Amino acid sequence: MQTKDSFYTIAKELEVAQENEGYLIVIRCGAFFTSIGANAIALSNELGLKLTCLKKGLCKAGVPINALYNYVKRLDSLGYNYVIYNYSCLLYTSPSPRDRG
């Protein structure tokens, strides 16, 4: 099962991947499109998105799926290059009592 940590790991890998150089990285995770790190700060500054810092050096910003198109139009009008990834983000849940063995 994938965890929040695996999402952040993948997001960091995408952020430093050579093919993404010069692009804002936006990743679908559940019902939101989310960015982390420097990408989140840029989206917060340019689009007024709420920036949530989970710990020093790890911030995120995101928009609900149904609002993405409006934000993409704003990024286009501001001249930003961006890439959008669709990531199946399954949050960790504790096993039910019968699954614990």
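About how much space lies in the second largest cavity?

Tutor: The second largest cavity holds about 30 Å³ of space. The model is predicted, so local features require pLDDT of at least 70 and side-chain atom pairs pLDDT 80 or more, while totals for chains, interfaces and linings use all residues. Residues are numbered from 1 along each chain as its sequence is written, and side-chain values use heavy atoms, without hydrogens and water.

A cavity is a set of points on a 1 Å grid over the protein atoms alone where a 1.4 Å probe fits but cannot get out, and its lining residues have an atom within 4 Å of a point; the volume is the space filled by probe spheres on points joined across faces, edges and corners. The residues lining the second largest cavity are Ala-11, Glu-15, Ile-25, Ile-27, Thr-34, Ser-35, Ile-36 and Asn-39. By class, four of the lining residues are nonpolar, three polar and one charged (Ala, Val, Leu, Ile, Met, Phe, Trp, Tyr, Cys and Pro count as nonpolar, Asp, Glu, Lys and Arg as charged, the others, Gly among them, as polar).

Helix H1 (4-16), E1 and E2 each supply at least two residues of this lining, and E2 gives the most, with three residues (helices are DSSP runs of H or I of at least four residues, strands runs of E of at least two, numbered from the N terminus). Strand E1 (residues 24-29) and strand E2 (residues 32-36) run antiparallel and are joined by three bridges (pairing requires at least two DSSP bridges). One of the bridge partners is Phe-32 in E2, which faces Cys-29 in this pairing.

Both strands belong to an open, mixed sheet of five strands, ordered E3-E4-E2-E1-E5. Strand E3 (52-55) and strand E5 (82-87) form the edges, each pairing on one side only. Helix H2 (residues 37-47) lies across E1, E2 and strand E4 (58-64) at about 115° to E2 (contact means heavy atoms within 4.5 Å; angles run from 0 to 180 degrees between N-to-C directions of axes fitted to C-alpha atoms, for helices over the stretch in contact).

The elements H2, E4, H3 and E5 each give two or more residues to the lining of the largest cavity, and H3 gives the largest share, four residues. By class, the lining of the largest cavity has 13 nonpolar, one polar and no charged residues.

Technical notes: 1 Å grid on protein atoms, 1.4 Å probe; cavity = no way out; pocket = protein on both sides within 12 Å on 5 of 7 lines; lining within 4 Å.
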